Amino acid sequence: MEIYWVLGIPLVGGIFLALWGSRGNAPEINAFFSLLTLIAASILTARIVADGPMIVGGEGWFFIDSFNVFLVTLTAFVAFTTSLFSRPYMRIEKEHSRLNDKRLRLYHSSYQIFIGAMLLALTTNNMGILWVSMEAATLATVLLVSLYRTPASLEAAWKYFILCGVGIAQALFGTILLYFAAEKVLGSGGTALLWTHLNEVKGQLEPTVLQLAFVFLLVGYGTKVGLAPLHNWLPDAHAEGPTPVSAVLSGLLLNVALYAVMRSKVLVDGALGNDLAGNLMMGFGLLSVVLAAFLIKRQTDVKRMFAYSSIEHMGLVTFAFGMGGPVASFAGLLHMTMHSLTKSAIFFAVGHATQSAGTQLMAGIRGLIKTNPTIGWGLMLGTVAILGVPPFGVFASEFLIITTAMHEHAWATPFLLTALGVAFASIFGKVQPMVFGETELPRLPYQPALTPVFMHLALVLMLGLFIPPYLADWYRQAAALLGG
Amino acid sequence: MTTGILLQIAQTLAAILLAPLLMGWVNQCRAWLQGRSAPPISQPYRTLRKLFQKDAVIAHNASPLFRFAPYMVFACMALAAGIVPTIANDLPFSPAADAIALVGVFALARVFLALAAMDIGTSFGSLGARREMLVAFLAEPALLMVFFTASLISQSTELPVIVQTLAHKEFVIYPSMAFAAVAFWMISVAENARIPVDNPTTHLELTMIHEAMILEYSARHLALIEWAVALKLFTYSALGIALFLPWGIAPQGDLSALPLAVLVLLLKMLLGGTVLSFMEAISAKVRLFRAPEFLGTAFLLGVLGMLIHFLLEV
Amino acid sequence: MTLSLTYHLQVINLLAALLLLISFAMLSQRRIVGLITLFAWQGAALSASTAIVAWSTGQHHLYYSAALTLVLKVIAMPWFFYRLVKKLDVDRDVEPMINIPTTMLIGIVLVIFAFNLAMPISQMSGTVMRSTLGIAMATVLLAFLMMITRSKAIPQVIGFLAMENGLFFAATSATYGMPLVVEMGVALDVLVGVFVLGIFFFQIRETFDSLDLKHMEKLKEK
Amino acid sequence: MTPFDMIPLQWAWGIVLYWLLLGGASLLARHVSGLVTDLIFPLSALGALVMALVGGSALILPVSHFILPIGLPDLPFHLRLDALSGFFLLLLGSAAFGVTVYAMGYFRSMADDQVGLLALWFNLFLAGMALVLLADDAYAFMVAWEVMALSSYFLVTTDHQIPDIRRAGFLYLLIAHVGAVSLLLCFGVLQGGHGAYTFDYMRLAEMTPFWASVAFLLALFGFGAKAGLVPMHVWLPEAHPAAPSPVSALMSGIMLKTAIYGLLRITFDLLNLQIGWWGTLALGLGLLTALYGVIFAAVQSDMKRLLAWSSIENIGIIVAAFGLTLIFYTDGKGGLAALSMTALLYHALNHAFFKSLLFIGTGSVLHATHERRMGHLGGLMRYMPWTAWLTLVGALAIAGLPPLNGFISEWLLLQAFLLTPGLSQPYLNMVIPVAAAAVALAAALAAYVMVKFFGIIFLGQPRDPALHQAREASWPERLGMLWLAAGCVLLGLLPVQVTAALAPVVRLLTGQTLVNDGSWLVLAPVSAERASYAPLIFFAVVAVVLLLTFVWVRKVYHGRIRRADPWDCGYLEQDARMQDTAEGFGQPIRQIFEAFMRVERERPDPFDRKPRYSSASLDQIWFVLYEPIARLASWVSDKVGRLQHGRIQWYLIYSFATLIFLLVFVTR
């Protein structure tokens with residue numbers, strides 16, 4: 001039952017804001033709906049914790065297990081904090097008259113739709129619907145990326161649309177192939193694409209078809225995950241869109257896309273019985289990590305830089321899932337969580353920083369710690385966290401990933417070592433002067449909404465030192481599900 | 001034990017008292033060899049007495065360190081003289097410091113002297129200190145190498161044990177000791193500020209090392225330093241004797257051998273002094289920049305000696 | 001029955017071949033209006049084949065998707081694009097990135113590749129059609145190629161939609177159509193997508209006063 | 001339960017918590033003027049003292065385990081306190097006590113909110129270091145390790161307005177992080193596959209020689225990067241001068257030792273086999289580091305930089321001792337291993353004391369004169385006698401002069417070197433005495449460096465008129481220095497007792513202990529015949545002779561003392577600029593060892609009105625190793641950047657190519 005609330009609230013919110021979103025208190029309404037979603041999601045979570053996995057609706061349209069339930073919570077949570085952050089942020093944008101009410105209406109309503117689409121993608125049991133909602137999420141964000149209507153933002157949005165559209169088309173082809181293989185076993189009709197059904201019979205699915213299907217799915221959803229060399233839309237979209245959008249894009253959308261990949265991988269592994277899928281993912285992951293690290297080195301735009309860092313981390317997660325095994329999968333899931341929390345926190349801090357400096361170029365941002373200490377420390381700590389320095393949680397997952405890799409795929413570790421080193425040098429070398437040093441930047445005229453930042457960082461810190469047992473259990477079950 | 005302690009004190013006192021004599025003898029020989037009319041052999045004693053009677057003149061900005069240093073240097077040298085077996089071989093002090101510690105003692109004295117030299121802040125003082133340390137940082141490890149060779153042979157760094165092994169065990173020829181001997185000679189020349197590294201008789205600012213350090217001292221402080229210098233020369237000679245011609249030093253607890261030992265010692269000292277002055281007379285002072293090379297050679301010889309030991313004697 | 005099946009089989013194979021032919025034609029077509037026409041024809045062929053499949057196999061929900069295809073891809077979208085082209089007045093020759101003959105050659109290679117790829121699958125395809133999957137895949141790849149070669153916005157989008165056609169063909173002919181929900185969803189997405197694109201075109205147009213993609217190469221690694 | 005039936009481990013963990021709380025408190029208290037310096041720092045110092053006691057007690061008490069309810073799900077923090085950890089905790093506590101007391105006076109002059117923040121990181125730093133020593137599983141260790149690095153980074157960048165300091169901090173954290181990652185890999189090897197991250201499992205894991213060597217090399221790299229082993233040392237001469245002096249003292253005196261601790265823990269405790277060539281490698285690296293460090297120390301003109309380089313030297317000596325221990329150990333010579341291990345631990349302890357002492361000494365000088373360049377100091381002994389005399393103790397100690405503590409560890413080490421004829425491999429028999437020569441050379445050079453250091457800063461005439469205003473350090477600062485100086489003296493005078501106290505650690509690591517053949521007075525590590533050293537007698541004799549001479553001179557000759565201008569061969573116009581500068585003092589060394597450095601000279605041309613000559617000796621390794629790496633990285637990133645040139649068609653081609661490639665790949 002809660003599932004309908006979880007999906008319904010954002011939908012209603014989207015429609016409501018589409019109609020009345022141009023009024024002054026739209027940001028509050030937005031935050032309110034996000035809060036409702038979060039509440040519904042947590043009730044759902046509580047339900048799952050109590051009763052275990054469940055299948056809801058007609059022939060079982062919705063399927064919630066330990067793998068996606070925590071992603072649902074995560075999504076709802078980050079969506080809520082982001083909406084809190086976007087309240088003052090969007091106000092300022094409006095005062096600077098970079099946006100007007102019409103655009104804000106568009107922004108708020110698409111925001112809700114986007115969240116709804118992602119939640120649907122996470123909860124649906126039907127691989128087809130999964131595809132549909134992924135596409136919907138893309139469409140909802142395209143207009144958000146081009147919200148400023150600047151040439152750059154239009155270009156970014158266009159690339160985002162075309163590249164992801166093409167990618168997702170491949171994913172559809174993969175889905176068709178999947179269905180093609182499935183109907184032989186399950187017979188044609190609605191149930192043949194239900195993941196739960198597929199999962200039961202995955203052993204009987206036709207390998208040759210499935211491996212083709214997986215290639216298409218991987219290329220398709222991988223484009224949205226931002227795996228190199230399919231990642232080219234990602235930095236542009238992150239850099240040119242409004243910061244809240246960047247936050248949810250790299251904090252949530254990438255996760256959801258990766259979720260789709262993983263769902264397919266489970267089926268393919270079952271059908272093929274070899275670790276072809278795993279090797280492909282390891283390859284992509286490693287490539288992304290290394291490329292991203294070296295690309296970070298040459299960035300001048302702060303949001304672009306952190307976008308590349310998202311690619312790097314998604315690569316790491318993909319690599320971990322590719323390795324498989326309980327520890328690695330566990331680490332991958334953990335890393336997903338940590339990355340969304342940390343990265344969105346960073347984007348919040350960066351948003352305020354860029355607003356106070358009036359530029360996204362890092363050369364223009366200096367000595368935040370003097371003018372806006374909280375922002376400065378938020379950015380510094382966030383950066384340190386995302387770079388995998390303990391006691392922040394990102395380290396916990398990197399610890400598991402790297403140690404496992406060292407033991408099972410020692411050949412990969414030199415790449416990881418290089419990439420991590422280069423990424424650390426580049427990011428920290430660029431962030432340090434932004435935070436430290438002398439400056440003549442003005443103080444922010446308003447009170448920055450840094451509650452979300454420190455809330456996230458506190459969570460990350462907490463998870464680095466202590467992971468609640470039930471959360472750990474989810475991770476374990478999910479890891480087992482992903483072929484542990 | 002008591003006899004040991006008495007012997008120890010006796011030996012130390014003897015060293016302290018005899019040291020200027022050796023100095024005088026060396027100067028006399030050198031004068032003869034250079035065809036000058038020689039000062040009497042007791043000249044050093046006279047100098048010391050004269051210096052002790054004078055009023056001390058000290059620079060305005062001299063710190064306590066400056067006045068403390070001479071006593072420190074003297075004390076160190078006395079200790080050194082105490083632990084080197086000169087006449088007898090069972091010395092209660094000797095467990096207190098072995099060969100390595102002996103090097104440490106010399107280093108301690110040197111550091112204090114160098115610091116005192118820098119204290120007044122004159123151009124020559126700091127210059128002397130620098131040069132002294134330059135000589136030291138090569139001479140010290142070289143000296144250690146010499147000791148190592150000896151102690152690898154005798155399986156010990158205890159000077160008495162070394163002497164015991166070299167003198168009172170059956171006679172063996174150690175090629176390594178030959179290298180060590182040459183190295184030791186070069187070191188002791190440098191350490192005692194003799195030609196060719198330094199010239200104790202001139203105050204030529206381009207070349208002087210030791211003298212540059214003690215320029216600011218006068219009267220009793222100077223006297224103590226001069227005495228310490230003499231003592232150092234004495235100790236080094238004693239060392240050389242103990243290491244390279246140890247025969248005649250009285251073995252553990254046989255007092256009957258003592259008189260002989262004293263006699264032998266005096267002879268050796270005379271001999272050593274003659275040789276030293278002879279070498280000084282025939283060689284010329286090298287340029288300061290050559291000093292590191294000179295000592296580097298000594299260092300290398302020391303190391304070579306050790307390697308030779310491993311090659312031929314193990 | 002088998003006879004009729006063979007008829008359908010032949011007709012559908014014919015339509016499939018037509019589909020492939022049209023893709024090639026699109027690949028070689030310079031004028032945008034011509035492109036749009038071809039796109040309409042492709043849609044028509046697609047919906048026809050869908051209808052036949054529906055009729056021959058009694059998968060009634062395929063009628064819906066055939067109708068949907070007819071409405072969307074043969075009428076609505078071409079019309080919309082015509083309007084757009086007239087309105088924005090961008091109907092000029094498009095100079096492709098790679099010249100036409102080369103493109104054709106690459107296209108042929110792709111087709112062969114796609115067939116080889118699809119061969120093992122078609123072997124054990126239990127459905128009436130054999131080689132359709134290969135053709136669908138070829139159509140998709142050709143559309144992809146077209147998107148690569150075209151340097152203007154509208155042709156690229158048409159290529160995108162042609163790709164969707166290929167997918168639809170695969171969905172309907174290789175399998176007896178996806179579950180209805182899915183197809184509806186897909187169709188909805190396509191529809192929304194096109195509207196978004198429409199908005200886009202105007203925005204791009206008013207920003208760059210041209211739909212040439214050459215203006216949109218600013219974002220890069222300096 | 002009452003505090004008395006708590007096991008030491010619980011005490012240790014309690015103090016770690018206590019430090020963390022103090023950190024939080026100082027953050028809150030930062031707005032109340034003077035509260036942090038007058039309350040927080042004393043409390044931290046108290047904690048340090050207790051920590052020292054706990055560590056000491058752990059040397060004799062049995063090993064104790066302890067599991068915290070935090071950490072990873074399957075891997076809660078395991079803590080463990082054995083003799084090794086105990087020894088290093090003792091080192092940490094006793095040295096940190098002096099430094100923290102000192103800090104109480106040192107940071108008085110700092111703005112309140114700044115000092116509040118600083119105290120937070122200060123306490124975190126202490127807690128982190130202690131936790132490193134207590135950790136008993138890979139995760140806890142790494143967390144503590146990085147907390148230590150991070151907090152010290154924030155301490156180093158206290159004055160982040162200065163670009164050089166930012167650069168130093170960045171370099172420091174970067175190298176620390178790379179080292180940490182290689183430690184991660186090392187643990188990855190050690191965990192043996194079944195996700196067994198606790199040290200207990202690692203102790204059990206059976207390793208092939210190959211993987212053991214990989215683990216060892218990774219550990220050597222990781223810990224070497226933290227300890228400042230050549231060629232990973234480049235951050236050290238930058239970061240230590242950049243930090244506030246008490247922090248430099250902590251970093252140099254204690255943090256470097258945590259790296260040594262890790263090296264010992266992994267090599268002798270976690271790895272279940274050791275291989276001889278490891279020892280040779282470590283010995284070689286250690287000696288190289290020692291010589292490299294001391295040579296560069298001799299040519300520095302910045303006093304804190306000089307000390308930083310000298311830290312590199314001492315680490316080199318410690319690592320050399322480590323290598324020697326390995327060689328003996330793998331050769332089955334437990335007794336000799338015990339000897340060199342004792343030397344190692346002893347030197348680590350000594351270095352903690354005298355290096356911290358020297359660093360805070362420079363801190364007081366810095367406070368009094370706001371000057372770090374030795375070329376602008378001088379004659380301070382007259383204005384700050386306490387600082388001067390206490391620093392002199394440290395200087396003599398680090399120069400390895402008897403009867404202070406520096407001498408003993410070097411003496412022990414040389415003894416160990418002299419015992420190599422016992423070894424089975426002949427080539428080692430030969431090589432190692434030569435290594436002894438290198439150690440001796442380094443020690444002698446250290447004396448050179450310290451004469452330069454002390455002489456130029458505290459002796460001579462002030463090179464700058466402003467120095468006449470220099471004031472003596474405040475009483476907490478003096479107290480801190482006094483504590484450390486006393487440590488140097490006691491460690492120097494009581495070697496027998498200290499070595500006895502080290503015995504449990506040595507037994508834990510090498511299986512044997514040092515037998516002291518001498519009495520409570522005489523240290524005779526192998527046998528009284530073999531070698532012996534009795535600093536107390538030594539000291540007594542020197543003192544007695546000194547006294548006697550003094551009295552005698554006084555009694556016999558009552559010469560008066562006249563004050564006059566310096567004579568200096570009768571030269572007139574003595575002024576401060578005629579003294580040796582720091583550069584001048586180092587010049588001979590530079591001339592001899594120029595091959596190691598890149599010397600940049602600024603020569604005046606003949607027509608200069610105000611001719612200036614300046615020369616800087618730069619680290620050659622930076623240019624031959626690090627700059628090429630940096631260039632390579634940017635070259636690669638340029639090439640990679642080409643991929644992304646904005647044309648959407650190209651992006652489509654990437655996707656297309658990927659698709660085709662994968663299709664071919666899977667259906668091949």
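The radius of gyration used here is taken over C-alpha atoms, and the globule rule is 2.2 Å times the number of residues to the power 0.38. Please bear in mind throughout that this is a predicted model.

I begin with chain A. For its 484 residues, a compact globule would have a radius of gyration near 23 Å, and the 21 Å of chain A agrees with that. The C-alpha trace of chain A spans about 70 × 55 × 45 Å along its principal axes. Its secondary structure comprises 19 helices and two strands. As to burial, 69% of the 484 residues of chain A count as buried. Among the contacts in chain A with a separation of 6 or more, 82% come from residues 24 or more positions apart.

I turn next to one helix pair in chain B. Two packed helices are described by the angle between their axes and the distance between the axes. For helix α3 (residues 64-83) and helix α9 (residues 219-244) of chain B, the angle is about 25 degrees and the axes are 9 Å apart. Because angles under 35 degrees count as roughly parallel, α3(B) is roughly parallel to α9(B). Their crossing is left-handed. The contact involves, among others, Y71(B), F74(B) and M77(B) of α3(B), and L224(B), W227(B) and L231(B) of α9(B). By class, this contact has 14 nonpolar, two polar and two charged residues.

Finally, the interface between chains C and D. Here 13 residues of chain C are in contact with twelve residues of chain D. On the chain C side, helix α5 (residues 132-149) gives the most, with three residues. That side of chain C divides into eight nonpolar, one polar and four charged residues.

Definitions and conventions
Residues are numbered from 1 along each chain as its sequence is written. Chains are lettered from A and ligands numbered from 1 in the order in which they are written. This is a predicted model: local features need pLDDT of at least 70, side-chain atom pairs count only at pLDDT 80 or more; totals for chains, interfaces and linings use all residues. Two residues are in contact if their C-beta atoms, placed from the backbone, lie within 7 Å. Helices (H or I, at least four residues) and strands (E, at least two) are DSSP runs, numbered from the N terminus. Ala, Val, Leu, Ile, Met, Phe, Trp, Tyr, Cys and Pro count as nonpolar, Asp, Glu, Lys and Arg as charged, and the others, Gly among them, as polar. Axes are lines fitted to C-alpha atoms, for helices over the stretch in contact, and angles run from 0 to 180 degrees between N-to-C directions. Angles under 35 degrees count as roughly parallel, over 145 as roughly antiparallel, 65 to 115 as roughly perpendicular and the rest as oblique. A crossing is left-handed if the near helix is turned anticlockwise from the far one by less than a right angle, and right-handed if clockwise. A residue is buried if 20 or more other C-beta atoms lie within 10 Å of its own, exposed if 12 or fewer, and partly exposed in between; C-beta atoms are placed from the backbone.
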